Protein chains: 2
Amino acid sequence: MARKQNVTFADIAKYTNFSKTTISRYFNNPDSLTEKNQKIIADALEKLNYQENKVARILASGQTEFVGVIIPNLFLHYYSEMLDRILSTYETFGYKFLVFLSNGDADTERQYIQELLAYKIEGLIILSHAIPSMELANLHIPIVAIEREDAHISSINTDNYMGAIQATSLLYRHNCEVLFHINNPTAKSIPAYGRIEGFEDFCREQQIPHRIFLHEMKDQTASQEHLKEILSEIEADSPGRKKGIFVSNDTHASILVNLLVRKYGKLPEDYLIVGFDDSPASRNAIFPISTVAQQIDVLATEAVKLLVEQIEEHKNSKHTPVSEPVHKMITPVLIRRETTERDPLAEND
Amino acid sequence: MARKQNVTFADIAKYTNFSKTTISRYFNNPDSLTEKNQKIIADALEKLNYQENKVARILASGQTEFVGVIIPNLFLHYYSEMLDRILSTYETFGYKFLVFLSNGDADTERQYIQELLAYKIEGLIILSHAIPSMELANLHIPIVAIEREDAHISSINTDNYMGAIQATSLLYRHNCEVLFHINNPTAKSIPAYGRIEGFEDFCREQQIPHRIFLHEMKDQTASQEHLKEILSEIEADSPGRKKGIFVSNDTHASILVNLLVRKYGKLPEDYLIVGFDDSPASRNAIFPISTVAQQIDVLATEAVKLLVEQIEEHKNSKHTPVSEPVHKMITPVLIRRETTERDPLAEND
DNA sequence: TTGTAAGCGTTATCAA
DNA sequence: TTGATAACGCTTACAA
């Protein structure tokens with residue numbers, strides 16, 4: 001009795017006296033059946049408690065509706081929010097995501113890609129940076145990169161240069177006399193390099209005294225130490241002058257604010273600070289930090305949209321080489337909070 | 001010429017003069033071939049540039065190596081770290097994860113489950129709470145819940161009760177004269193209810209004056225307002241007495257610390273605070289916050305391990321009902337930071 | 001150690 | 001509008 005594990009089209013067909021083909025049509029093109037027959041099949045599905053098998057469908061149709069995602073980690077809020085938004089596009093496009101975390105080892109990443117290909121993903125969204133875009137392009141599948149080196153593949157990036165201009169000009173408009181930029185050492189091929197470029201260009205054009213600090217700040221304690229040093233340098237550098245500091249990420253901006261507040265019991269008025277990312281760290285800081293918000297929602301949505309377009313193209317023209325890479329820039333949004341818009345009243349209550 | 005899209009076992013077989021079976025064996029049981037023949041096949045794979053097709057393998061073998069994950073979101077650090085750790089178990093167990101985000105709507109969640117079943121997942125890890133465990137148990141597939149109602153399914157939970165005891169007793173040992181607990185209203189069926197229970201039991205046993213605040217605090221601003229009110233109540237309640245506050249999560253604990261520091265320019269000595277989760281909010285707060293750390297890594301690893309065990313069982317005994325639910329508790333770790341271990345020297349530098 | 005042949009549960013191509 | 005039949009690319013008895 002308990003021979004068959006799963007109810008299949010064959011069972012439904014037998015039960016309803018239709019053919020398997022007709023059952024298949026019920027799912028893929030129901031209007032080609034009479035309403036009456038649709039109902040018969042629908043009832044049979046209920047009665048036999050049928051459950052879809054998409055694996056079989058994939059094998060026959062070739063459409064997996066899988067998209068691969070390779071992302072560095074989910075510890076950084078930036079990445080986890082991005083993945084959140086990517087996964088949410090399921091409602092719109094129906095693609096399922098196979099997610100791999102890559103710590104940065106290229107060979108591991110290659111292995112993940114092989115695994116993804118074995119599952120016949122229709123496209124790939126990549127945020128990790130271990131594998132050069134040249135190599136990725138040679139996979140000849142639709143690929144969209146987000147904020148990484150993208151010379152040979154399509155990509156969606158934040159307009160980091162514009163972001164830096166927005167941040168820097170805000171500090172400038174608030175009459176800062178000296179401007180500082182704090183960042184990690186960044187390769188020119190990476191979109192985030194625009195943050196350094198934008199800062200520098202703006203300062204040069206406006207002829208404002210400025211200085212850039214580039215330090216590798218891996219962990220929490222190292223960052224804290226470095227930022228402490230940078231702060232003393234800044235203080236020594238420009239005592240009494242109004243200082244504007246553009247920090248390349250909110251975490252470090254927040255550490256900076258904390259150092260200042262712990263030292264002075266409040267945020268000194270001659271320090272204006274702007275971070276980057278609009279991460280929780282900036283919102284929840286003791287003095288909420290002005291920041292350049294990447295529109296993560298837009299980045300994610302556009303990335304999936306672009307990928308889906310490429311997937312469609314790819315289906316229609318299997319033999320033509322994947323079309324020329326498309327690069328799209330998303331303008332970030334400047335968010336003004338207390339570290340630049342000090343309300344003098346707020347300090348007294 | 002360009003007829004065949006993919007190189008298949010048939011092609012390899014033809015090329016090497018073996019049968020498809022032998023090619024299959026090369027992948028699944030290579031030792032059953034002579035070394036010489038292994039080499040021949042390996043070379044052919046190279047030459048023909050063969051690429052695995054796991055979809056076909058799944059259909060034939062029934063083993064998808066897919067595990068479904070339903071998780072509320074990736075905005076909260078707790079969830080994204082959990083997913084990070086879950087995905088990382090790929091290295092150990094090889095299971096691939098199909099992840100769905102569920103905002104809390106039961107019907108949407110049911111739909112996701114149907115989709116997951118259609119992809120023949122071998123098991124399910126569930127962190128969302130929309131669907132009662134009773135209904136989940138009726139799916140008759142291996143399921144492990146993490147920190148949610150789990151009456152009828154296996155689960156891995158933090159020992160919230162112990163966590164609360166650890167937090168409360170720390171405040172007690174620091175000679176707090178009044179203890180407070182701030183939390184959201186929590187159903188008794190949810191593991192996190194243990195935080196309230198533990199606090200209350202400890203206070204009762206030690207006969208310490210205490211009070212519990214239960215407020216729905218959805219968004220940032222609402223929380224801020226509520227916490228401000230709670231703070232004035234606490235101040236009115238016990239002026240001059242040493243106050244210990246156990247907050248059910250680090251985000252709210254951080255807001256509390258910020259409110260205090262902004263008011264007094266420092267963290268007043270008569271306030272001791274302990275949070276929950278060891279989230280970045282606690283580490284990066286202006287005064288790093290003592291907290292009860294859930295061992296997310298352990299929770300995730302144990303959840304996958306338990307699930308894999310159940311999957312193995314399930315394979316061996318398809319017909320027996322899924323075995324009795326197993327519940328496992330993970331003890332959290334108390335982390336002492338500045339909000340309880342004030343270093344008097346640190347305040348003066 | 002290797003091969004034959006029958007699945008796995010769909011979709012796709014022709015016909016009717 | 002419906003059906004027969006051959007794919008899809010692999011695994012798995014059963015044989016040899």
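How many salt bridges does a search of the whole structure find over all chains? The search finds 42 of them, where a salt bridge is a side-chain nitrogen of Lys or Arg within 4 Å of a carboxyl oxygen of Asp or Glu. Side chains of opposite charge can pair when their charged atoms come close.

Residues are numbered from 1 along each chain as its sequence is written, chains are lettered from A and ligands numbered from 1 in the order in which they are written, and side-chain values use heavy atoms, with hydrogens and water left out.

The mean pLDDT of chain A is 92, and 95% of its residues reach 70 or more; pLDDT is the predictor's confidence in each residue, from 0 to 100. Over residues 345–349 of chain A, however, the pLDDT is below 50, and this stretch has four contacts in the model beyond near neighbours in sequence, a contact meaning heavy atoms within 4.5 Å. Where pLDDT is low, the predicted coordinates should not be read in detail.

We can now turn to the salt bridges themselves. A:Asp297 and A:Arg85 meet through their side chains at 3.3 Å, N to O. Because A:Asp297 lies in helix 14 (residues 296–316) of chain A and A:Arg85 in helix 5 (residues 77–88) of chain A, the pair ties together parts that are 212 residues apart in sequence; helices (H or I, at least four residues) and strands (E, at least two) are DSSP runs, numbered from the N terminus. A:Asp297 is partly exposed at 41% relative accessibility, and A:Arg85 is partly exposed at 23%, where buried means under 20% relative accessible area, exposed over 50% and partly exposed in between (1.4 Å probe, protein chains only).

A second pair joins A:Lys243 to A:Asp270, with the closest N and O atoms 3.1 Å apart.

In chain B, the closest N and O atoms of B:Asp278 and B:Arg337 are 2.7 Å apart in a salt bridge. Since B:Asp278 lies in the loop between strand 9 (271–276) and helix 13 (280–283) of chain B and B:Arg337 in the segment after strand 12 (333–335) of chain B, the pair ties together parts that are 59 residues apart in sequence. B:Asp278 counts as buried at 17% relative accessibility, and B:Arg337 counts as buried at 15%. Elsewhere, salt bridges that share partners join A:Lys54, A:Glu65, A:Lys96 and B:Glu115 into one network.

Finally, consider B:Val178, which lies in strand 6 (residues 178–183) of chain B and counts as buried at 5% relative accessibility. B:Val178 and B:Ile208 are 30 residues apart in sequence, and their C-alpha atoms are 6.6 Å apart in space. Not counting residues up to four places away in sequence, B:Val178 touches B:Pro209, B:Ser238, B:Arg241, B:Lys242, B:Lys243 and B:Gly244.

Conventions
Predicted model: local features only at pLDDT ≥ 70, side-chain atom pairs only at ≥ 80, totals over all residues.
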